Amino acid sequence: MQKVIETLLIGLSTGSIYALMSLALVLVWRSTRVVNFAQAGQAMLSTYIGFEIASRSEIFWLGLVFAIAAGALVGAGVDYFFMRVLFKHATSGPAAVVAPVIATLGLLGLIRSIVGLTWGGEFKSIEAPASTDGFSVGDGTIPFSDLDVLIIATVSIILIAVAYIFQRTNLGLALRASAYAPEIAQLAGIRTARTRTIGWSIAGAVGGVAGMLVTSNNFLSPYSLDLLLVFGFIAAVIGGLESMVGSVIGALVLGIGLTFILNYVGTSLVFIGGFSVLILVLLIKPDGIMAKGKARRA
Amino acid sequence: MIRKTRIKRTWLAAAVIASGSLLATALPANAETGVSAREIKLGITLPLTGAASPGYNKIGNAMNAYFKYVNDNGGVYGRKVTLIQKNDEFSPQLAIAKTNELILRDKVFALVGPLGTANFTAVHKSVGLAKRRVPSLFLNTGFSGFSNKKSYPTSFMVLPSYAMEAKIIAQFLKENHAGKKLGIVYQNDEFGIDGLGAFKAAGTKFDVTIPYTSGTQSAATAQTWVSQLAAGGAEVVVMFGVTSATGALLGVSAAAKYAPQWILGSVGSDPVTLRALGVPVAVLNGAQTPAGNPSPNDTSDEYVKQFQEINTEYNPGVAFDDYVLQGMNIGLLTVQALRAAGKNLTRKRLIRAIETKGSKFASVAYSPLGFSRTSNVGHTGYYMAVMDANGDRKPFGGKVTLYTTDSGSGPVVVSTFKRPAMPAKGLPSNS
Amino acid sequence: MRKKIAIFILIGWVLLIIGDRVDELRVYQGAQMAMYTIALASIVLLTGYSGQVSLGNGAMMAVGGYGAALTLNNLGTPIWFAFLMAIVTASLFGALLGAAAARVSGPYLAGTTLALAVGLPAIANQFAFLGGEPGLFFDVGFPPERFGDEFTQYKWFFWIASFIALIALFITSNILSSRFGRTWRAIRGNSLAAELCGVHSSRMKVLAFTVSSGLAGLAGAVLAMTISLVAPGAYGLALSFALVTGAVLAGISSLPGVVLGAIILVFIPEISVALADRLGDADKLNNYLPGLIVSVLLILSVIFTPNGPGENLRKHLHKKPAH
Amino acid sequence: MSGLVVNRLSVSHGAIEALRAVSFSVEVGQLAAVIGSNGAGKTTLLRALSGLNNQTSGSAQWNEREILGARPDALVRRGISHVSEGKSVIAELSVKENLILGGIWRSNKSDTSAAIAEVVELFPVLGQRMSQSADSLSGGERQMLAIGRALVSRPKLLLLDEPSLGLAPLVIEQIFATIDQLRRKLGLTVVLVEQNAMSALEIADIGIIINLGEVVASGRASELIDDPALRAAYLGY
């Protein structure tokens, strides 16, 4: 029983980080109809900046703040300098459908190379902001630590903040309107291009937090966030790619599910487990768990 | 019709471009590849980036530093030794591609210090090192399969094999941890299985056995290792994996307050790298490990002292650790081998020189070298060491007790071998 | 048709002569080019003709590579049969994935195949018979003795790879100019309209996926031959990315363009090494410059010539002729 | 002249000219009905006037300032509001959110609240459904919501694209009555695009008949209704 609870808790901590990445992917998908594979790269760049600040100031939270700011800036920059240009040019021909996908891949590679050239390929680690010592339960300890609590708390705060922006502010309304019906939003006086850039910026900030949190417990390298991207994507697909709530639920389900596989079956099945979930969702419920019966083939 | 002709023309154009790009000037071959009047070109592929790079990425530069030192002091019979390093990211196909470049384009004389069991197996086979008669000196891997001189006629090992290491740890467990509950975490490939087989042959029975797949090591996976070890009540845990896996295991154990007696395999026990990976030094304190070389901090050792000086001057800003020590030592062995092959340097003479004179080469490791006409085995033994609170390494029991053995069924014996002295100023003068 | 055969035979003959004239490194690169040519053809067929994006062609190549290696190692069959099995296994796998892909195209497919490419090592590690991280050997053997001592292993690889590539391209080009090719283009243009004309668009998409996977599998086996090995690392994400780049640079819907794409892919590392040497031989430059060049090329070409430089050139030429 | 003056406006969709040298003018406070069959270019005209389509040439001025080339959001700020074809509401948002959207460009939120209150007064049925999703409204209610959203921006010039589309005859009548009422009450200038020619011309001051991208007739609505040739050719009865 203790193992079950322990697994649930760790799964929650893992899943909450996936939630941020999957939320970032969903935010961009909703506003731009692009699955942003560069999200991992953006998060990585932000995390490296956060790492640099955190290791110089020896204050993790300052690093996090910088990572958020960097994530927001990079996100906005990618949309402004990159996606806008792309959509202006790549509008016809056989590649028009695939251009955004390929472009974000290229961007991922570009950011990876830039990070590699700047920081090198060595593993970096960020001093964790809280103890990683597991809690004592009875006479043993469980591998659930202060850091995990902090991760879950941080993610909760970020999610609440994003939810507040989207549900309670005019900016949020503009973001939602632009996502659902860009033309109507435009006719209502919303600067949809600018709104979209803000959406990318929020996604970038959220991704930056994900990168910092996942790194606080592990190493940072130009490749270290690839798996986060894949699991974030799987979570987003579970949630239907459209729904922000769905993406968070999908991520938690995935995080807990994978941790159970990890603890009860074995390490090597974790990825296969995740991949099977993805294929199953695509085959059985391709619109995700939040779908209301409306088929949506992108 | 017009369209069809155009398509044909495109195909033709494609073919012409393809042909043109392949045509390139071929240089006339020298008397011996990679050797000129002024230079001896050597090559190595190693992981400079990626998951497996921490630690290993220092080896090439350390070798290079030593070669530069030798070059500044006259080189090898007047020839400068240059080392070309290529990044293989620890993946076999990159190792093959890069080795091809080294041999076919850069035309190196020999490979020195290639890393990784899977990589070298693949490279040896695909590039055809034996068929091309390319000397592959002082492999940085302990896979006992490479000690087959028939299959690897141009390769020479330097590390004691993983089988030897496991046999020596098994002996040590018998002598010092009898009756304890034992656990092992090992890398599930030739490297780990080589060791596991030797444990089995030596009669060591583990209560908890955890294989892991190379590349899957992370804090998350390490958490499951720790839960399994703790659940099995392992009091002594052998870690037979790479440094990143060892780092993850120790880090997570510290967090979970799980503190068995650690026995860390030689591959993953470099304290400097472990600490860079975030392992608290307190966890390393008391960990036991087989070691071949003296501690890199032991300045009373003539080799270490000399190498440290070279490192300060020729490899500035790089912390002197086991990897740097190992790299320098391979450099030292290589220069001795090149000298032993004589002024008229050929690949054949180099191989013959190591076969006939290699067992007498000076090397920092305490154990004897096993080179001969019939054996390409390098060092043949380990002593057990204990890590202290400073992350330093001291011999177990206060003084070096050297065990030697072989990769097969031979016994583990305590050896009284005395290693050759360091050549004056670290500059070999052998012939 | 007869003219086409003649051209392909001519190309083959030219390659044969070249193989004798260049040094061994170029021969090895030639074999790599042949491999990339097949792999890029599989992408052009899938993306350029049927409008589906797969980032997992590397994974499909792996399926073919493993299929060939398992056949050769366990059954001791002749080499050609191993290559055939590479096509068969990859096609079967592709048909399965294609069935899922037809339901979920677009970004879902891209993401799913990306996940497959990322997770390949984990899958190879899970099943012992796949040999884990070190992989399996794939040894097509030495060149026949009668070619003499001078005939190197790599020249043998080059011969086999070029021969396979020529046949594969010939067949692909015929498929693309057949009814199927036209239907695929119709679906890419407008799957609804095609549907109304009585085309089973999802069935045709699965077919495209199957054929493309078969080609990719063949390329995977050729890759395995050139490195004597199938290992998950050989078919990683980097390979999938490189292939997408090559395909975009080649002009994503131009089959002859794949030759150009293959050449670019083989020479990018060369160029970056030369550049790194010039800029000072920093480790970092060496390690990340190839990636930088690939990404920048990919981005520039997708923005400015999304349908490939070849396509632009063709348009340019088409505007000129006097009617 | 104040009001809307369109002079030789052409719009192209790639190679196709969807609108060719269209000219007409609407004085402030007038309602102009743009009549024509499907594909005549009516929607293209409105999209050009609201800034959605900028592949234009010629000129169009609103109160003596050019509107071609401006972005839709800038035109909204200048008092031009476009209710696009087909009940242009966002189904995923609530009724209230749809209304707020109409005033989202303002920095002053209380202005918007006041405007929403006025709209609710005009369409009491919306007031009862404020927190429901727009998805749950009937066709007529949606059209009211769409117009209401436009009114929240307190427009001077209202561009209405086929408000009758897909509605039951009884509801259509209601909608037209509402439009007529509104513009008198608020002093709006309205350009109403309709296929439903009779109903539109009945409430219009002027009529403009478009066919294949060109203006074929224009004049006082009452005269157009009475012209037998036009009736036969374009009004379809």
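Modeller: Two strands are said to pair if DSSP finds at least two bridges between them. Please keep in mind that this model is predicted.

Biologist: Which residue is the bridge partner of D:Ala32 in E9(D)?

Modeller: The bridge partner of D:Ala32 there is D:Ile206. Strand E3 (residues 31–35) of chain D is joined to E9(D) by four bridges, and these strands run parallel.

Biologist: How many bridges join E9(D) to strand E10 of chain D, and do the strands run parallel or antiparallel?

Modeller: Six bridges join E9(D) to E10 (residues 214–220), and the two run antiparallel. Across this pairing, D:Gly207 stands opposite D:Gly219. E9(D) and E10(D) form a hairpin with two residues between them.

Biologist: Why is strand E9 of chain D described as largely enclosed by the rest of the structure?

Modeller: A residue is buried if 20 or more other C-beta atoms lie within 10 Å of its own. Five of the six residues of E9 (residues 206–211) of chain D are buried, so the strand is largely enclosed.

Biologist: Where does B:Arg133 lie?

Modeller: B:Arg133 lies in the loop between helix H4 (117–132) and strand E4 (136–139) of chain B. B:Arg133 has 14 other C-beta atoms within 10 Å, so this residue is partly exposed.

Technical notes
Residues are numbered from 1 along each chain as its sequence is written. Chains are lettered from A and ligands numbered from 1 in the order in which they are written. This is a predicted model: local features need pLDDT of at least 70, side-chain atom pairs count only at pLDDT 80 or more; totals for chains, interfaces and linings use all residues. A residue is buried if 20 or more other C-beta atoms lie within 10 Å of its own, exposed if 12 or fewer, and partly exposed in between; C-beta atoms are placed from the backbone.
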